[in-house]
Amino acid sequence: MLYSVYEFNRIAMTPWRAAANATRQVMRSPMNPMGDTMAGRTMAAAAELFESVTRRYVKPEWMIDQTEINGQTVGVSEQVIWTKPWCSIVHFERDHDALIAARGDTPDRKVLFVAPMSGHYATLLRGTVEAFLPDSEVYITDWQDARMVPVTDGRFDLDDFTSYIREMIAQLGPDLHVVAVCQPGPPTLAAIAMMAEDDDPNRPASMTFMGSPIDTRLSPTVPNKLAEEKPFDWFANNLIHTVPAPNPGAFRRVYPGFLQLAGFMNMNLDRHVDAHWNFYTHLVEGDGDSAEKHRTFYDEYLAVMDLSEEFYLQTITDVFQEHKLARGIQTHGDRTVDPSAIRDVALLTVEGENDDISGIGQTQAAHTLCGNLPDALQQDWVQPSVGHYGVFNGRRFREEIAPRMKSFMDETGKAALATR
């Protein structure tokens, strides 16, 4: 019933949001003499704040239509090159002629970003993509909102997620560099381990794990502790709900995105309250730049997606409660996943010093699991002064982490290919 109540409340607020929008437009109209008064700005700010906290945020657009290479602007277009009911691969294709004109026909590294399927859309990695576009062929996984997948398309669990990753890597070929951001770390490592064990010719040149829960027994954080302290039945009975009609995924059992968002916001509630109060005061003061930064961040942060029941619950048990991959008992179908089979796929782990989602050591555990990988093909980096989000976005990512990743791919990744 919770999901239905949530939808009912959202619909019930529609006329109030419409009224708030109308008030904002009237107060900001250049024809309104009250518009530039303190009273007018206050009314407009209050109306916008009300509307922003009561609406559903839709899946954001990528808004990446160009990049800059050697001082020249190169157009970028989104191309879906592989698709299944639960995911697509988006290729950010750069204009060929402009690319050649900007820096010749030097081949670029090929990078697949495996975006997290943990409540937010892949567009959360917009800054990550932009940092790599000038010198990389960039691909990214675009996971589907379970609310939008009809029940006739079947179930989707963690094993299916792993299979999808393997298929996508095979689609892009052996010279690929795979980057798993946060949640997909364990299934990505599992997929590459099986490819290595099978001597799959399409196994990637390198794999990078960023803030990933490879072994959550190390430096456990608040979300890790919650997953261990609560019994499995608590998650199944309290966090799984049925998608109501008329959504395309009606009657599918899911972990709703709005519950995930509530959990994340409660971890830093004071910070979010302060941010919205500051947004209100910026609007009243006419500080458009600061207000726009708030809108940009929260338009992304508040856009959430549902996860299928089976995917969410299997992730809770396998990754956070039983630590199956870290303990060597992870299975996929009828086979045991063995990361020690990886011998020629270069490994880079990246963690944030202040990460409160995946603590230091959780991602580094990949090095221990890949025990037969030569030291020359492994690197680890802990980025000072960043939290979880800063591991893959922001100034320090652009200036310090991304260059390190590119150097690793170009040097250590190529060295791994040379050993085959």
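Predicted model: local features only at pLDDT ≥ 70, side-chain atom pairs only at ≥ 80, totals over all residues.
1. Overall form. The protein contains 16 helices and 14 strands. Its radius of gyration is 23 Å, close to the 22 Å that the globule rule gives for 420 residues, so the protein is as compact as a globular protein of that length. Along the principal axes, the C-alpha atoms occupy a box of roughly 75 × 60 × 40 Å.

2. Of the 420 residues, 52% are buried. Among contacts with a separation of 6 or more, 78% are between residues 24 or more positions apart.

3. Backbone background. Most residues other than glycine have a negative phi, and most peptide bonds are trans. The next points concern departures from this pattern.

4. A cis peptide bond. Ala245 and Pro246 are joined by a cis peptide bond, with omega at about 10 degrees. Pro246 belongs to the loop between strand S8 (241-242) and strand S9 (253-255).

5. Positive phi at Cys182. Although not a glycine, Cys182 has a positive phi of about 65 degrees. Cys182 sits in the loop between strand S6 (176-181) and helix H7 (185-197), and is buried, with a relative accessible area of 11%.

6. Positive phi at Asp199. Asp199, also not a glycine, has a positive phi of about 55 degrees. The loop that holds Asp199 runs between H7 and strand S7 (206-210). Asp199 counts as exposed, at 52% relative accessibility.

Technical notes. Residues numbered from 1 in each chain as written. Heavy atoms only, no water. Helix = DSSP H or I, 4+ residues; strand = E, 2+ residues; numbered from the N terminus. Rg over C-alpha atoms; globule rule 2.2 N^0.38 Å. Buried < 20%, exposed > 50% of the residue type's maximum accessible area, 1.4 Å probe, protein only. Contact = heavy atoms within 4.5 Å.
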